[in-house]
Amino acid sequence: MFGAARRWLARVPRAWESAKDDVDAVLKNDPAARSPLEVALVYPGVHAVWMHRVAHALWTDGFGLSARVVGHANRFLTGIEIHPGATLGRRVVIDHGMGVVIGETARVGDGCLLYKGVVLGGTKLQRTQRHPQLGAGVVVGSNACILGNIVVGDGARIGSGSVVVRSVPAGATVVGVPARIITPARTPLEQSLDHANLPDPVTEMIRSLASEDARLRQRVARLEEALDLGRDAQDESGPDLAPLDSPDFDGG
Ligand SMILES: CC(C)(COP(=O)(O)OP(=O)(O)OC[C@H]1O[C@@H](n2cnc3c(N)ncnc32)[C@H](O)[C@@H]1OP(=O)(O)O)[C@@H](O)C(=O)NCCC(=O)NCCS
């Protein structure tokens, strides 16, 4: 009894730090937010995250029913339903939030931004990992559904109203039903404004051909070795090319 109380008290400083991070994250992500006090008082997404932290701690300490009751109160007060078993990282922002549902085995990485009506849902009835795993910095647009045990890579963006049923690579943007990639990898704004370092598509193409060539050469070498062909055969293969991943390679 006293042991449990001591354990909970020991969590307070970390919870306080994490609560301050949550407020800062909202101030960064919502242009409508004007002060930390305002965010702490009137943002249901923040309240939902805080109540979930309590529910999750109860859940992991084995107080399953109490955890569910706190989760239910959370839903009643904020309109956001997070199963106590779900894992939320730091600085997760749930903006507006009404109608958000996060399932038991879902994981939401640090710095994710979820808008209203987002569902991280399961597609199986078995008690296994059945909900999505979101990496860090993922943005999920309003009313998007991400379904099943799939992975959404770091920095990916899910369009509003999308239904995502397959894993999404890091940095990609997906939209639609079912969701499809519209940009393979988004360049951060700062990088795209760095005109001195714009990517050169021709060099990129040559690099990719060179790396494919290296892969094929290695396969041929392995095949020759397996077939016990002599070194002579390899010598006929033509001039030596620069190492394919060499930083000296400039594509010219
Ligand atoms: C997905 C998203 C991040 C893409 O933003 P973006 O990179 O600026 O993309 P663009 O607006 O340039 O759109 C690119 C293409 O995708 C389409 N598109 C964008 N969002 C879409 C969506 N949610 N569903 C279907 N198509 C979409 C655009 O029509 C455009 O198509 P086109 O090239 O044929 O004209 C953004 O549209 C989005 O949905 N953000 C969520 C915002 C939100 O939920 N706010 C709620 C506040 S409560």
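**Stop one: a pair of strands**

Start by selecting residues 119-121 and 145-147: these are strands β7 and β10, which run parallel and are joined by three bridges. Zoom in on Gly121, whose bridge partner in β10 is Leu147. Helices (H or I, at least four residues) and strands (E, at least two) are DSSP runs, numbered from the N terminus, and two strands pair if DSSP finds at least two bridges between them.

Before you go on, keep in mind that this is a predicted model: local features need pLDDT of at least 70, side-chain atom pairs count only at pLDDT 80 or more, and totals for chains, interfaces and linings use all residues. Residue numbers start from 1 along each chain as its sequence is written.

**Widen the view: two sheets**

Now bring in the neighbours. β7 and β10 belong to an open sheet of five strands, in the order β1-β4-β7-β10-β13, with parallel pairing. Select β1 (81-82) and β13 (163-164): they stand at the edges with a single partner strand each, so one side of each has no neighbour in the sheet.

Next, look for another open sheet, where four strands run in the order β2-β5-β8-β11, again with parallel pairing. Its edge strands are β2 (87-88) and β11 (151-152), each pairing on one side only. Inside this sheet, pick residues 107-108 (β5) and 133-134 (β8), which two bridges join. Click on Arg107 and you'll find its bridge partner, Gln133, in β8.

**Over to the helix**

Select residues 2-29. This is helix α1, with 28 residues, and from first C-alpha to last it reaches 40 Å, close to the 40 Å expected at 1.5 Å a residue (the expected span is 1.5 Å times one less than the number of residues). Where does α1 bend? Look at Val12: the bend is about 35°, and a proline, Pro13, follows within four residues. That bend is the angle between axes fitted to the seven residues ending there and the seven starting there.

Further along α1, show Asp22, Ala25 and Val26, which are buried (20 or more other C-beta atoms, placed from the backbone, lie within 10 Å of a buried residue's own). Their cover includes α2 (36-42), α3 (44-60) and β3 (93-94).

**Last stop: the ligand**

Finally, select the ligand and the 14 residues around it; Gly141, Ser142, Gly159, Ser160 and Val175 come nearest. To count as near, a residue needs its C-beta atom, placed from the backbone, within 6 Å.

Note on methods. A residue is buried if 20 or more other C-beta atoms lie within 10 Å of its own, exposed if 12 or fewer, and partly exposed in between; C-beta atoms are placed from the backbone. Two residues are in contact if their C-beta atoms, placed from the backbone, lie within 7 Å.
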